[in-house]
Amino acid sequence: MNAPYDGERGKNPPGGPSPEGYSGIDELFSEVPQDQARRRQDASPQPGDAFAHLYRDQDHHPDPQQPPHPRTGPEEPGPRREDDTFPLLPPIPSAAPEAASGPAEAVEERDLADEPPETPTGKPSGGKAAGLLRSSAVMAAGTMVSRLTGFVRSALIVVALGAALLGDTYQIAITLPTMLYILTVGGGLNSVFVPQLVRAMKNDADGGEAYANRLLTLVSVILGGLTVASVLAAPLLVRLMSVDIASNPAANDVAVTFVRFCMPSIFFMGIHVVMGQILNARGRFGAMMWTPVLNNVVIIFTVALFLGVYGAADTSGMQVDTIPPEGVRLLGAGTLLGLVVQALAMIPYLRATGFRIRPRFDWKGQGLGKAMKLAKWTILFVLANQAGVIVVSQLSTAAGETALTEGGHNGTGFIAYSNAQLIWNMPQAIITVSVMAALLPRLSRSAHDGDTGAVRDDISHGLRNSAVAIVPIAFGFLALGVPMCTFIYGSAGTEGARNMGFMLMAFGIGLIPFSVQYVVLRAFYAYEDTRTPFYNTVIVAAVNAAASALCFLLLPARWAVIGMAGAYGLAYIIGVGIAWRRLRVKLDGDLDGAHVVRTYARLAGASLPATLAAGAAAYGIMHALGSGYLGSFTALLGGSVVLAVVFVAAARRMRIAELNAMIGMVRTRLGR
């Protein structure tokens, strides 16, 4: 439903399409029919093109004067082909490193994700399909760099503070701002406001700028008040996260100080996300994925200063009762500064699109009410999810402290759980999230037009093509979890790093249902249905909390948190089954289920021998070279090569169409 008319609405956006080709969602909406027809003719796929399905909605543009015709059955041109796939991560254009290396280079006439490559004839070569894939590639590259620098950051923090109680106090402090932000406005911003911004951009005479400024102002006011309240309530928030830490006077003092420094990051986190969503709605996807790298760089520099002054926790023996107050303030201030830099770095990107930030307090009657009603269910969704996080943080800090005091085992608490989860979540962030972030505006348009066939096909393609990478990586965590963690976190102590590796192995297979649920829930958000994801997440959170509690009660303290990691995947297996059934009902019973299940089953079948071979190779290498840096790196590298070779060989023999399409695309791009 469109926002009410207020004098700025109801007109076509000013300006016309760019002569260089499609450059974003705003241009797609402003094209006249003749330009759309010309673009479809220029961008029509060749027979057998693996990207063919991406062009289908270019051939189904409803007449503006006629209502859309829903397509609820299979595609009319013919039966579904087994090779109807697209490569998930195309090679990044050669100009990508320079264009995306930082905010300074990003302030150009065009965003990296918006400049289509030219064919030898001088015409844009990609159309909408190439634009989507380039956007996904840019976001994936930015997310990968962000995650890699995030690994460096988290590894240095473990070195500086250890993997025991002191490290848990910092981990709680950086977890709390994210939780509170998501609980208040974050969930709604990420899922609800993208369709609303797209609609405002389509229908408003100013391209949605006034609506976006109202949203930015409203979020700033809400988060400003929340920041002040959370700083004052820091002791209560620490107790909410961990009774064990709150009951230890020294640990509580350190945690409260960390929390008070970190809490203002809520405000800057929200500003960054709103600006990023404004850019996403305009087809500019790179900035939101690349600016977090600046945050990581600032924190890395801060932790390096800390290490230079105070040394590593493993050698200095630093604990909650011996860490200097100046050291706590240094880490807290550096963590906050990283978020400030990340948020401010978005401003040049916005200016490059012509957007000007102006406070707008005329919120009433401007369409924000509908968005807030939709966000209500998303906030409840996140509340249920974060309730599970609180349960895990309480139980894991208690189990970690017990394991340390009774058995001397490091790396069995909340910081170890969080760092293992950070590694485990990286494929999801690079692959699934990047693709669906670029696809969500398109899904929203198809849902708004009543084109259930287009929604079904996009969800099916997203699931099957992301699975080509997600499934073998999930199995790979089983084989390579230990050398991966001893390589990344080994400098903080081999035993603690090995325990993190066991947690990563326990998370392992759960990556598959976790990724599937993420894709499936995007379909509900495209239909502006936020209630169904809420109910689904309540079930997932309840199963996770109950299973984690059982692990805490039944397993020895050293293994309790490892069991909690496995419970996380179990909860999402149940959640996927429920979400799948509900989406099938919404899409009239057709989700292309047989095709999706067959693809996942074949990929799992190819991953099993690869996992066994890679695990054997990694174990043999570490047995020969030890668990130090050299042994871990060699085992990780050798095991990864074995995993990739055996998986590809098995998948090729099983004729998995999605993998064959990806390999064919890579060979084509390499000129082979």
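Me: Contact here means heavy atoms within 4.5 Å. Which residues is Ile423 in contact with, leaving aside its neighbours within four places in sequence?

Reply: Ile423 is in contact with Phe151, Phe477, Met484, Cys485, Ile488, Tyr489 and Leu504. Before we go on: this is a predicted model, where local features need pLDDT of at least 70, side-chain atom pairs count only at pLDDT 80 or more, and totals for chains, interfaces and linings use all residues. Residues are numbered from 1 along each chain as its sequence is written, and side-chain values use heavy atoms, with hydrogens and water left out.

Me: What secondary structure does the chain come to?

Reply: The chain comes to 27 helices and zero strands. Both are DSSP runs numbered from the N terminus: helices are H or I with at least four residues, strands are E with at least two.

Me: What makes Val328 buried?

Reply: Buried means under 20% relative accessible area, exposed means over 50%, and partly exposed is in between (1.4 Å probe, protein chains only). Val328 comes out at 4%, so it counts as buried. Val328 lies in helix H16, residues 325-344, and it touches Val254, Thr257, Phe258 and Ile323, not counting residues up to four places away in sequence. Val328 and Tyr170 are 158 residues apart in sequence, yet 9.2 Å apart in space, C-alpha to C-alpha.

Me: And Thr169: why is that one called buried?

Reply: Thr169 has a relative accessible area of 0%, so buried it is. Thr169 sits in helix H6, residues 165-191. Leaving aside neighbours within four places in sequence, Thr169 is in contact with Ile245, Ala251, Val254, Ala255, Phe258 and Val320.

Me: How much of the chain is buried?

Reply: Buried residues make up 57% of the 672 residues. As for contacts between residues at least 6 apart in sequence, 83% join residues at least 24 apart.

Me: What is the largest nonpolar core made of?

Reply: A nonpolar core is a set of buried Ala, Val, Leu, Ile, Met, Phe, Trp, Tyr and Cys residues joined through side-chain atoms within 4.5 Å. The largest has 88 residues, and Tyr417, Ile423, Ile459 and Tyr489 touch the most other members. Helix H20, residues 452-489, gives this core its largest share, 18 residues. Apart from it lies another core of 61 residues, among them Ile245, Phe258, Cys262 and Ile323.

Me: Why do Arg329 and Glu326 count as a salt bridge?

Reply: The rule asks for a side-chain nitrogen of Lys or Arg within 4 Å of a carboxyl oxygen of Asp or Glu. Arg329 and Glu326 meet at 3.9 Å, N to O, so the pair passes that rule. Being three residues apart in helix H16, they are separated by about one helical turn. Arg329 is partly exposed at 40%, and Glu326 is partly exposed too, at 45%.

Me: How many salt bridges are there by this rule?

Reply: Two. Arg456 also forms one with Asp457, with the closest N and O atoms 2.7 Å apart. Arg456 is buried at 2%, and Asp457 counts as buried at 0%.

Me: How do you know that the span of H23 agrees with what a helix should give?

Reply: The expected span is 1.5 Å times one less than the number of residues. For the 24 residues of H23 that should be 34 Å, and the end C-alpha atoms are 35 Å apart, so the two agree. Thr537 lies in this helix, residues 531-554, and counts as buried at 4%. The side chain of Thr537 reaches the backbone oxygen of Pro533 at 2.9 Å. Other buried residues in H23 include Phe534, Asn544 and Ser548.

Me: What makes Arg655 worth a look?

Reply: Its phi is near 55 degrees, a positive value in a residue other than glycine. Most residues other than glycine have a negative phi. Arg655 lies in the loop between helix H26 (629-653) and helix H27 (657-670).

Me: Is Arg655 buried or exposed?

Reply: Exposed, because its relative accessible area is 67%.

Conventions. Polar contact = N/O pair within 3.5 Å; in protein donor to acceptor, adjacent residues only side chain to side chain.
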